[in-house]
Amino acid sequence: MATFVLIHGAWHSGWCWEKVVSPLENLGHKVITVDLPGSTLDDKTPLEEITLKSYTDYVIKIIEEQDEKVILVGHSLGGLIISQTAEYIPDKIKGLVYLTAFILRNGENMNQYTESDKESIASLEFIENGKGVRVQSDKIVEAFYHNCNPEEIKNVIPRLVLQSAQVFVTPLEITEQNYGSIPRVFVKCSQDRGLTVNTQERMLAAMPCQKIYTINTDHSPFYSKPTETVEILNAVVKDFAAVKDFA
């Protein structure tokens, strides 16, 4: 059994994992869902105070409270966060799972991929003097949830928050010695219209993983395909246990 720490993507919060938590727990795993700084409607942290470091500091504190190494799962922007966290505390992490997430090389930032993903229909707007970013309201469902139950998504949209823009342009700082010592798995979503398959594959060509899974769904597999998502997360426990002397 394993301890999973689940990191949400931009605009979301820990609630996005609500359909996978109980099934994972029923399999015997411990599951921790993280609400990153500024990610909930009642968290009024100023956008300019929300940085990649504030994210990683928060996640590290949670991980260090655990009695065993964790499997760190990141969705979308969460990929950037799990990579940077792994650099800081590699001895506390059993493995990394990128769920249709940004998996970047040292020195790269998210904007390099969001701006070059010409197939993506997630049209972004920068507001509040450029400090915040959001997805145009008429593009949200098609970009992120087009395979999801429409009634469920009606309850999701009101919970979305403004995202700090500076996180998108902050370069990742990782090394082979720390980050590179941790095994990693990628989960491709083949119908993703937000972070498209071509961009997922372009990142993977530069940052290969020990194993790649595929779910035939949209950018939000935790809602559209929760059973398949749980099956994969359960499977990676054995994947990481089988990795020997990875470097």
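Q: Leaving aside its neighbours within four places in sequence, which residues is Ile7 in contact with?
A: In this predicted model, Ile7 touches Trp17, Val34, Leu36, Val59, Leu72, Val73, Gly74, His75, Gly78, Ile81 and Ile82. Each of these counts as a contact because heavy atoms of the pair lie within 4.5 Å.

Q: What makes the set of residues that includes Phe4, Ile7 and Trp17 a nonpolar core?
A: Members of such a core are buried nonpolar residues, under 20% relative accessible area, joined through side-chain atoms within 4.5 Å. The largest core comprises 81 residues. Those with the most contacts inside it are Phe4, Ile7, Trp17, Ile71, Leu72, Leu96 and Val236. In soluble globular proteins, nonpolar side chains tend to be buried together.

Q: Why are strand 5 and strand 6 said to pair?
A: Pairing requires at least two bridges, and four bridges join strand 5 to strand 6 (residues 132-135); the two strands are therefore paired, and they run antiparallel. Leu124 stands opposite Val135 in strand 6. Four residues separate the two strands in a hairpin, and Glu128 in the turn has a positive phi of about 50 degrees.

Q: What makes strand 5 and strand 7 edge strands?
A: The open sheet consists of three strands in the order 5-6-7, with antiparallel pairing. Strand 5 (124-127) and strand 7 (163-164) each pair on one side only.

Q: How many cavities of 30 Å³ or more are found in the whole structure, and why are they called cavities?
A: There are two. The term applies because a 1.4 Å probe fits in the space but cannot get out.

Q: Which residues lie nearest the centre of the largest cavity, and how is its lining divided?
A: The largest cavity holds about 70 Å³ of space. Of its 15 lining residues, Pro37, Gly38, Ser39, Tyr55 and Gln163 lie nearest the centre. The lining has eight nonpolar, seven polar and no charged residues.

Q: Why does the lining of the second largest cavity divide as it does into nonpolar and polar residues?
A: This cavity, of about 50 Å³, is lined by Gly9, Ala10, Trp11, His12, His75, Ser76, Phe144, His219 and Ser220. Ala10, Trp11 and Phe144 count as nonpolar.

Technical notes
Residues are numbered from 1 along each chain as its sequence is written. This is a predicted model: local features need pLDDT of at least 70, side-chain atom pairs count only at pLDDT 80 or more; totals for chains, interfaces and linings use all residues. Side-chain values use heavy atoms; hydrogens and water are left out. Buried means under 20% relative accessible area, exposed over 50%, partly exposed in between (1.4 Å probe, protein chains only). On a 1 Å grid over the protein atoms alone, a cavity is a set of points where a 1.4 Å probe fits but cannot get out, and a pocket is an open set with protein on both sides within 12 Å along at least five of seven lines; lining residues have an atom within 4 Å of a point. Grid points are joined across faces, edges and corners, and a volume is the space filled by probe spheres set on the points.
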